[in-house]
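Subject: Structure handover

Hello,

Here is the structure I promised to pass on. My notes follow below it.

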Amino acid sequence: MISQVFILSSQGDHLIYKDFRGEAGSDVVNLFYEKVTALTGDQPPVVMRHKDVHFVHVRQGGLYWVATTTADTSPFTIIEFLNRLTALVKDYCGSLSERSVQMNFALIYELLDEVVDYGYIQTTSSDILKNFIQTEAVSSKPFSLFDLSNVGLFGAETQQSKVAPSSAATRPIQSSRDQGGKSEIFVDVIERMLVVIGSNGVLMKADIEGEIKVKCYMPTCSEMRIGLNEEFSIGKSQLRGYGAAVRVDECSFHQAVRLDEFDSLRILRLCPSQGEQTVMQYQLSDDLPSAPPFRLFPTIERDNGGRLLMYMKLRCDLPPKSAGINVSATIPVPKGSVSLSQELSSPDQSAELQPQSRAVVWKIPRFPGGTQLSALFKLEVPGFSSASMLEVGPVSLSFELPKITATGLQIRFLRLSPFQPGPAQRWVRYVTHSDSYTIRI
Amino acid sequence: MPYIGSEDTVRDLRRVLSNPNVQSDQLRYRNTILKVIRAMSQGVDVSGLFSEMVKACATVDIVQKKLVYVFLCSYATLNPELSLLVINTLRKDCQDPNPMVRSLALRNMTNLRLPSLVEYVEQPLTAGLRDRAACVRRVAVLGWAKLHNLQTNSEIDAAVVNELYSLLRDPDPVVMVNCLRALEEILREEGGVAINKPITHHLLNRLKECDIWGQCEVLRILQRYRPQSEDELFNILSLLDVSLISPHPPVMAATLSLFLSLCSGLPAVGLAALERVRGPLLAACGNTSREMQFTALCHIQLLLRSLPGLMGEHYKRFFCGYAEPAYIKQRKIEVLVELVNDDNVAILLDELRGYCTDVNISTAHAAISAIGRIGRSYSDKCLEILTELLGLKQEHITSAVVQTMRDLVWVCPQCSRTVCSAVEGCEAEIQDSQGRHALLWLLGVYGEQVSSVPYTLEVFIDGVRSEASVGVKMELLTATVRLFLCRPAETQDMLGRLLHYCIEEETNMCVSDQALLYYRLLHCGIEETRKVLQCRRSDPSLGVLIGRPAEPINQWSYIFNTLEPLRPGAIETESATIGGSPEHMTFDPKPNNDLSDTLSYSFGKTVRSVTDTALQCTDSSSDALTASVSAPLSLSLSPALSPEEFEDLWLQQQALHVEQGPEKIKAEENYVYMEEHVQCPTIFRCSPQSLQAAMQLVNIQTLAFTPPHTLPWRVYLYTNTQNKHSADTCHGTLILGELLYTGEEIQKKSKDEENVGVEARQDKREEEREEDTAEGRSEKERVKKNTAEKGIKVTLKQQPRDEKALKGFLSVLTTVLHALSSEK
């Protein structure tokens with residue numbers, strides 16, 4: 001049971017406040033913000049309490065999405081609800097930001113009114129909601145083709161946009177109905193890598209978490225069929241075909257997916273509803289079908305002047321045609337490091353010392369497969385001791401690999417039912433992110 | 001948030017809203033209303049526009065209607081009279097052919113939350129229950145719950161309740177779930193909606209039709225159902241099995257909750273269910289939402305309490321990601337500690353070692369203490385890492401490592417040699433009081449093993465004037481006295497200085513009382529001091545085995561799927577007590593050192609052993625007792641007794657002996673009751689702190705006491721004895737005690753005395769004390785006729801019976817009391 005829902009900007013501005021049960025005063029919003037700002041840590045705990053009021057919040061799009069509730073409520077439900085609410089707002093407003101929420105507050109009030117009644121969640125299905133939601137979204141950005149070049153998938157600035165019209169994925173779903181927007185459907189395969197590589201280069205942990213998301217901009221969509229690799233197999237025992245199998249450990253589907261053709265042909269059938277939905281989630285633990293995309297060869301020593309020398313060779317083991325983008329390596333350095341001098345192999349790279357997080361951040365905008373980059377960092381560390389060496393490392397990388405899935409999962413085909421009214425554009429996009437990619441030194 | 005110029009904003013808006021030109025232009029009208037709502041959600045008080053907004057309500061534009069309703073529902077309670085004007089429009093809308101308009105009107109009618117409108121709302125609500133459109137029925141059903149909560153004292157309309165029960169068969173699943181919710185609220189007094197067999201089976205059969213929110217609600221309400229037969233139970237369980245592995249965490253959690261409540265009598269089935277949810281829970285740990293990951297982690301911690309091996313092979317899933325927020329990292333570290341086994345210990349420690357240098361200090365501390373916890377089973381490897389961390393020479397790391405080492409040594413005394421050599425020379429880095437507290441304890445206890453201790457302590461003693469923490473000062477006193485016992489020549493001078501400072505200049509009562517106590521103790525002779533102060537170096541309650549036993553599921557199932565496990569420290573404190581050792585709780589008392597602080601401090605104090613012979617050099621008032629004591633006796637505080645348990649035991653034993661006359665010693669089959677008088681009439685003037693500190697020193701826990709200078713003055717206390725009669729047999733007894741002082745003749749005198757050392761304090765144990773006094777009343781009467789003496793009456797109850805131990809205890813107690821009263 002949800003007593004109130006409110007949305008706060010990171011500066012504490014009230015964006016949305018809705019009281020469903022009239023049990024607690026509206027000062028809870030300020031109370032919540034006081035609690036958040038009183039904490040010194042980087043992020044406040046998910047659940048906070050003030051007397052009988054329990055605050056549960058999620059952070060999305062730089063905003064606090066808060067629900068107040070009682071102690072015996074299921075945290076899973078509340079958090080899932082808040083996440084679903086953010087997804088709905090994203091679907092209806094196009095993107096999630098302070099600005100888009102501010103501009104579409106009427107729409108969000110309307111959504112909240114339909115989604116929750118008297119603190120009870122009624123429905124969050126966009127199929128049902130679309131009949132009730134009347135307010136039109138205000139796009140926070142005028143739509144123009146020129147934006148295509150600099151807005152990336154998932155809001156990141158990527159070169160991905162050259163291959164996919166990614167700005168299309170950040171428009172409100174309703175515009176398709178009223179503003180003559182294009183009938184489009186996007187199928188995204190998104191994978192996240194959790195990798196730990198030991199100092200000797202051995203893979204210590206390699207997990208992949210993936211999902212297939214469908215974002216549908218069609219007012220009505222009858223049935224679509226998504227064909228996965230035929231050699232796709234689930235679990236360790238079940239291997240198919242003779243080629244390199246695409247294997248995952250566990251896999252779960254959206255309840256709307258019909259799996260009658262899945263066992264034999266690896267085809268998912270579903271009638272997507274408007275907006276974004278996760279059709280399939282899968283995970284692969286302790287196994288990486290291909291070599292890890294990046295390798296690091298560090299040499300760390302102390303020179304005569306008491307400076308710390310870090311010579312880093314970073315190799316990209318992707319196929320030559322692919323590339324990693326927005327690669328950024330974070331190298332923890334000893335406390336109290338003052339100045340950094342660097343020698344990088346190309347001018348588009350950059351590196352800086354961040355004293356706050358005690359790390360050197362080395363950024364590489366584009367890193368083609370099969371190449372190797374090197375960098376030399378010299379650090380001035382007052383009071384350097386041999387023990388300070390222990391503070392160097394482990395290096396963590398963050399990157400984005402467009403057009404690549406780490407598991408090798410591919411979408412063979414994407415068919416819409418022949419009875420589709422009007423033509424629809426279909427897009428399939430792949431991307432792999434680093435959720436956590438750590439290389440020990 | 002105060003908004004500058006809000007009055008102007010309201011005035012402008014009012015002008016525009018009442019402009020007929022604007023009213024005729026739909027788009028402009030709507031935009032003005034939008035501005036009002038925007039101002040409202042920014043925190044501007046726009047309630048003054050109520051009448052204008054009421055007018056705006058009468059429109060065919062649904063968007064405008066919705067906006068106005070948002071406004072009206074927020075401000076209706078401030079303008080009950082004007083709200084009456086809206087009701088007509090709303091009632092008209094309830095007849096609208098468009099179901100959307102009908103449901104909107106009905107919902108907002110009930111959302112106005114005005115008791116005065118109830119009579120107008122009931123009729124449309126009744127009609128709404130029979131509406132053709134499901135969306136209207138959904139609203140109408142919940143509307144009745146809202147109505148009921150508006151006027152909770154009115155009686156429940158049986159017809160409505162019946163109608164709602166029949167709507168449980170509604171074809172729309174949301175209507176069905178809403179009926180459950182509404183009935184649950186309306187019938188709260190009667191324990192909520194009736195869950196009988198037909199309803200249960202109906203709900204279970206329709207579970208699949210509901211969306212995940214509906215499923216969660218149904219599963220939650222079904223927890224009240226108790227199947228009539230085992231067959232039925234297993235039918236239900238097999239029906240629910242699919243939801244148990246649902247990819248939606250809320251459904252999975254709600255199902256597991258239901259499983260656990262249905263199978264509370266069948267632990268094996270419960271455990272099997274836990275195994276079954278392992279997959280979905282692990283998947284939730286990998287959810288894209290950090291908050292969901294966190295929730296799953298917290299619940300995994302719960303599950304591990306009953307099935308420690310549940311996640312063993314998946315330990316890598318709990319490695320921290322670089323960019324994860326601190327709250328997730330700390331929970332993961334806690335989980336990792338639970339998952340250690342022989343195979344993964346090296347990898348795990350390697351991983352944890354990496355977290356110790358985390359930028360976030362609390363994460364680093366969590367990692368360091370996690371290594372300490374693992375060190376209880378794998379001490380060599382962990383000590384190696386901890387020693388290495390000391391080499392970093394960073395303040396917060398060194399402090400955390402020293403605290404961790406202290407805790408480790410307490411349970412693994414065999415590590416002391418390594419620890420002693422490691423902590424040598426790290427005092428310069430430690431700045432915080434908790435770290436110094438830990439260091440001083442180590443130095444005091446292992447003073448003979450570290451050569452440089454006198455120099456280190458000297459530095460501390462020289463700086464004692466500027467020391468802010470009371471805890472550190474007290475520990476410094478203890479450490480110095482202990483060091484004096486083993487290395488007198490080097491320490492004598494500085495001990496003298498320290499005692500002089502603490503007794504003469506220190507303003508804090510705790511510190512000066514403790515110093516006085518040591519001073520008197522030293523007067524009794526070095527041997528006696530040694531016997532009292534020579535502390536136990538390890539936790540006696542802890543054997544070689546450290547593994548935590550699996551708890552029954554019932555211990556935690558009631559908090560599963562609630563917010564409780566997510567609360568900071570909710571699980572951590574549990575695990576600390578489960579670990580079995582009285583951890584050295586560190587504390588930093590506030591300047592106005594109040595009683596609750598002292599209590600929490602003394603609970604964590606190290607347990608010292610005492611031999612009664614050390615205290616035999618006391619008055620001859622208890623000669624009869626001391627004579628009989630011969631076997632060495634040791635007292636300890638563990639297992640600890642809660643005030644409630646104490647009261648229960650005390651009352652229960654009192655009931656047994658109350659009929660029998662007051663004799664000196666009453667021996668029942670398994671317990672002893674004893675009354676004794678001790679001559680120390682001034683004791684009741686001593687401050688509770690010093691009494692408590694003194695009792696603590698000999699391992700007697702005081703549970704409750706009356707404030708000083710009040711009559712009758714009483715103290716409740718308990719201890720555990722371990723009496724070693726011979727080498728092989730050793731058994732413990734529990735002693736409960738009451739000290740009572742009624743002395744009337746002194747009363748007058750004491751009134752004139754000034755209130756020395758009594759600070760106003762807030763006593764969190766006030767209630768307990770009251771309870772205790774109440775239950776002790778019957779005894780008081782007995783005491784009155786029994787004793788006309790001026791002494792303290794000591795009533796002791798022991799279980800099981802062991803007279804020697806009891807006498808030994810009494811002599812210890814007498815000694816302490818005499819020591820205390822001579823102080824004043």
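How are α29(B) and α30(B) oriented relative to each other? Please keep in mind that this is a predicted model. Helix α29 (residues 509–524) of chain B packs against helix α30 (residues 526–533) of chain B at an angle of about 130°, and the two axes lie 5 Å apart. Angles over 145 degrees would count as roughly antiparallel and 65 to 115 as roughly perpendicular; α29(B) and α30(B) are therefore oblique to each other. On the α29(B) side, the contact is made by Tyr518(B), Leu521(B), Leu522(B) and Cys524(B). The α30(B) side contributes Ile526(B), Glu528(B), Thr529(B), Val532(B) and Leu533(B). By class, the residues of this contact are seven nonpolar, one polar and one charged.

Next, the interface. Contact between the chains involves 77 residues of chain A and 77 residues of chain B. Together, chain A and chain B bury about 7000 Å², with 55% of that on carbon and sulfur atoms. There are 25 residue pairs in polar contact across the interface of chain A and chain B, counting pairs with both residues at pLDDT 80 or more. On the side of chain A that touches chain B, the largest share comes from helix α2 (residues 75–93) of chain A, with eight residues. That side of chain A is made up of 25 nonpolar, 28 polar and 24 charged residues.

Last, the salt bridges. Between chain A and chain B the count is 11. One of them joins the side chains of Asp286(A) and Lys316(B), at 3.8 Å from N to O. Over all chains, the count comes to 59 salt bridges. Within chain A, the side chains of Glu276(A) and Lys213(A) form a salt bridge at 3.7 Å, N to O. This pair links distant parts of the chain, 63 residues apart: Glu276(A) sits in strand β15 (residues 275–284) of chain A and Lys213(A) in strand β9 (residues 203–216) of chain A.

Regards

Terms used. Residues numbered from 1 in each chain as written. Chains lettered and ligands numbered in written order. Predicted model: local features only at pLDDT ≥ 70, side-chain atom pairs only at ≥ 80, totals over all residues. Heavy atoms only, no water. Contact = heavy atoms within 4.5 Å. Buried area = accessible area lost by both parts, 1.4 Å probe. Salt bridge = Lys/Arg side-chain N within 4 Å of Asp/Glu carboxyl O. Polar contact = N/O pair within 3.5 Å; in protein donor to acceptor, adjacent residues only side chain to side chain. Helix = DSSP H or I, 4+ residues; strand = E, 2+ residues; numbered from the N terminus. Nonpolar A, V, L, I, M, F, W, Y, C, P; charged D, E, K, R; others polar. Axes fitted to C-alpha atoms, helices over the stretch in contact; angles between N-to-C directions. Parallel < 35°, antiparallel > 145°, perpendicular 65-115°, else oblique.
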